[in-house]
Amino acid sequence: MIARLIPGALSIQTGAVPDLARGPGHTVPTYKVGSQDCSPHHGRRGFACYPWTDFLDNSQALDKSAMRAMCLDRRNALSPEFREKASRQICRHVMDFFSNHALLKGVEMKGLEISAYLPIRSEVDLSDLIPQLESAGALISLPVVLSKTEIVFRRFRSGDVLQSAGFGTTGPAADAETVDPTLLLMPLAGFDTKGARIGYGAGHYDRAIERLLQKSLTPITIGIGFAAQNVPQVPAEPHDMPLAAIVTENGIMNAMDVNA
């Protein structure tokens, strides 16, 4: 049973949002994230956060494909040295999140099913995190792409031999156990402060989450990305599944009430 987040445990953070229309060197007004009022206002698992009170620039007019490309360009522009350092910071923030927030209150890490991922291209590298989760007793799985429309999650243990897992990824072999994760650590192309996520366009995670919901399982979804991938507003589509939290090198951007 996943307990409700304690709203008071969340802090208010501020930062500048990069201006998509003018490039990564420019920003639009400061945003606020985190709130002591954690009433959801963005669908079934939406964020509790301060609404935008300042203007949104003409990046609103961008469609999701264009916004995805811009976000990935920003991520790719980060130096390898920055990505390596930021990835280590993100891994620490994820462990701190598990320790300091009530997301997993009453739930033992031992035996907890967590889906992680191995990085491709310029994604956040969770290599430092996976062994820590294993040491805490969590059970790790990795996504494997079966087709253009389906991914599954297969059991992974550090040291396992990996093979091509589709979409440029590597993952466990076909004889590895297929599992249903309780918590998903999900890579991002882009995101906004309401928990809307831009993926890579195939909808693999959306369908996987829907499949879990149809089994009466409600996974906790945590987006993993660099702060540079933040955009003012992601164009929403009916099938999009909002995230429960986002972790960047700057910390935990936001969180919401979670029930299971």
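Residues are numbered from 1 along each chain as its sequence is written, and side-chain values use heavy atoms, with hydrogens and water left out. Because the model is predicted, local features need pLDDT of at least 70 and side-chain atom pairs count only at pLDDT 80 or more, while totals for chains, interfaces and linings use all residues.

A nonpolar core is a set of buried Ala, Val, Leu, Ile, Met, Phe, Trp, Tyr and Cys residues joined through side-chain atoms within 4.5 Å. Buried means under 20% relative accessible area, exposed over 50%, and partly exposed in between, with a 1.4 Å probe and protein chains only. The largest such core has 32 residues, and Phe98, Ile114 and Leu126 are among those with the most contacts inside it. Elements giving two or more residues to this core include helix H2 (80–100), helix H3 (129–135) and strand E4 (139–145); helices (H or I, at least four residues) and strands (E, at least two) are DSSP runs numbered from the N terminus. H2 supplies the largest share, seven residues. A second, separate core has 15 residues, including Met186 and Phe191.

Strand E5 (residues 151–156) has six of its six residues buried, so it is largely enclosed by the rest of the structure. Ile151, Phe153 and Arg155 point one way from E5, and Val152, Arg154 and Phe156 the other way. Two strands pair if DSSP finds at least two bridges between them. E4 and E5 run antiparallel and are joined by six bridges, and the hairpin between them passes through five residues. E5 also pairs with strand E8 (residues 178–179) in the antiparallel sense, over two bridges, where Arg154 stands opposite Thr178.

Aromatic rings of Phe, Tyr and Trp (its six-membered ring) pair if their centres lie within 6.5 Å; planes under 30 degrees apart count as stacked, over 60 as edge-to-face and the rest as tilted. The whole structure has two aromatic pairs. Phe82 and Phe226 form a tilted pair, 6.3 Å centre to centre with 50 degrees between the planes. Phe82 lies in helix H2 and Phe226 in the loop between E12 and E13, so the pair ties together parts that are 144 residues apart in sequence. Phe82 is partly exposed, with a relative accessible area of 34%, whereas Phe226 is buried, at 0%. Phe153 and Tyr205 form a tilted pair at 6.4 Å and 45 degrees, and both residues are buried.
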